[in-house]
Amino acid sequence: MEAERLVGVGRRALAQSRGTPDIIAEAWQAQALAQAIGSRLAAEGPKELRGEARGLSEIGGRSGGPLDHPAARAQVARAAQLSELAEPRATLTGLGALLGEVGMALVGVACETDEQALYWQCMEAIDAADESMDRVHGMLRRLDEHERERQQDLERGRERDGPYGVVGGPAASV
């Protein structure tokens with residue numbers, strides 16, 4: 001399944017979560033998806049994203065284990081369906097939104113629980129979502145910088161060409 005679509009599925013599933021177990025499951029799913037997207041971008045994505053993408057993959061891998069939910073224990077991740085990452089910018093934008101929503105949902109769970117273990121699991125998952133979101137925002141900044149540089153290179157090329165084509169080329173000496 002295409003990455004943007006998987007992110008959308010995750011956002012809808014989180015929005016439809018009805019209680020702590022569902023929210024925890026969706027937090028785990030989001031981190032598994034972040035790990036998968038990070039791995040895919042590190043291997044096949046734009047060169048300027050590969051370092052940050054490796055970091056995103058590592059964060060996602062570290063954070064998936066401690067959440068105590070049957071889906072997490074069974075390692076049944078929606079992210080396993082990831083088959084394509086067509087548009088990195090749109091995927092990263094959606095993933096950033098999903099991670100932010102997960103963080104907010106986990107804050108709600110942490111505030112409502114009296115269980116120390118669950119509280120600390122939520123705190124660790126919130127930290128992981130926040131760190132993942134930082135990586136996502138870093139990659140989006142890198143994409144913006146790369147696009148600005150490309151645009152500047154194009155404009156510099158037009159300035160050298162002049163209004164009627166290339167100035168100083170082989171035809172100019174005739």
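1. Helix 1 passes helix 5 in a left-handed crossing. Left-handed means that the near helix is turned anticlockwise from the far one by less than a right angle; clockwise would be right-handed. Helices here are DSSP runs (H or I, at least four residues), numbered from the N terminus.

2. This is a predicted model: local features need pLDDT of at least 70, side-chain atom pairs count only at pLDDT 80 or more, and totals for chains, interfaces and linings use all residues. Residues are numbered from 1 along each chain as its sequence is written, and side-chain values use heavy atoms, with hydrogens and water left out.

3. Helix 5 covers residues 88–112, and its axis comes within 9 Å of that of helix 1, crossing at roughly 20°. Axes are lines fitted to C-alpha atoms, for helices over the stretch in contact, and angles run from 0 to 180 degrees between N-to-C directions.

4. Which residues of helix 1 meet helix 5? They are Ala 3, Glu 4, Val 7, Gly 10, Arg 11 and Leu 14. Their partners in helix 5 include Ala 90, Gly 94, Leu 98 and Glu 101. Contact means heavy atoms within 4.5 Å. By class, this contact of helix 1 with helix 5 has 9 nonpolar, 3 polar and 3 charged residues. Ala, Val, Leu, Ile, Met, Phe, Trp, Tyr, Cys and Pro count as nonpolar, Asp, Glu, Lys and Arg as charged, and the others, Gly among them, as polar.

5. Now helix 2. The axes of helix 1 and helix 2 come within 10 Å and cross at roughly 165°. Helix 1 and helix 2 are therefore roughly antiparallel. Their crossing is left-handed.

6. In helix 2, Glu 26, Leu 33 and Ile 37 meet residues of helix 1, among them Leu 6, Val 7 and Gly 10. The contact of helix 1 with helix 2 has 7 nonpolar, 1 polar and 1 charged residues.

7. The whole structure holds 1 cavity of 30 Å³ or more. A cavity is a set of points on a 1 Å grid over the protein atoms alone where a 1.4 Å probe fits but cannot get out; lining residues have an atom within 4 Å of a point. The largest cavity has about 50 Å³ of space.

8. Leu 6, Gly 10, Glu 26, Leu 33 and Leu 98 are among the residues lining the largest cavity. Helix 2 gives the largest share of the lining, 4 residues. By class, the lining has 5 nonpolar, 2 polar and 2 charged residues.

Definitions and conventions: 1 Å grid on protein atoms, 1.4 Å probe; cavity = no way out; pocket = protein on both sides within 12 Å on 5 of 7 lines; lining within 4 Å. Points joined across faces, edges and corners; volume = space filled by probe spheres on them. Helix = DSSP H or I, 4+ residues; strand = E, 2+ residues; numbered from the N terminus. Parallel < 35°, antiparallel > 145°, perpendicular 65-115°, else oblique.
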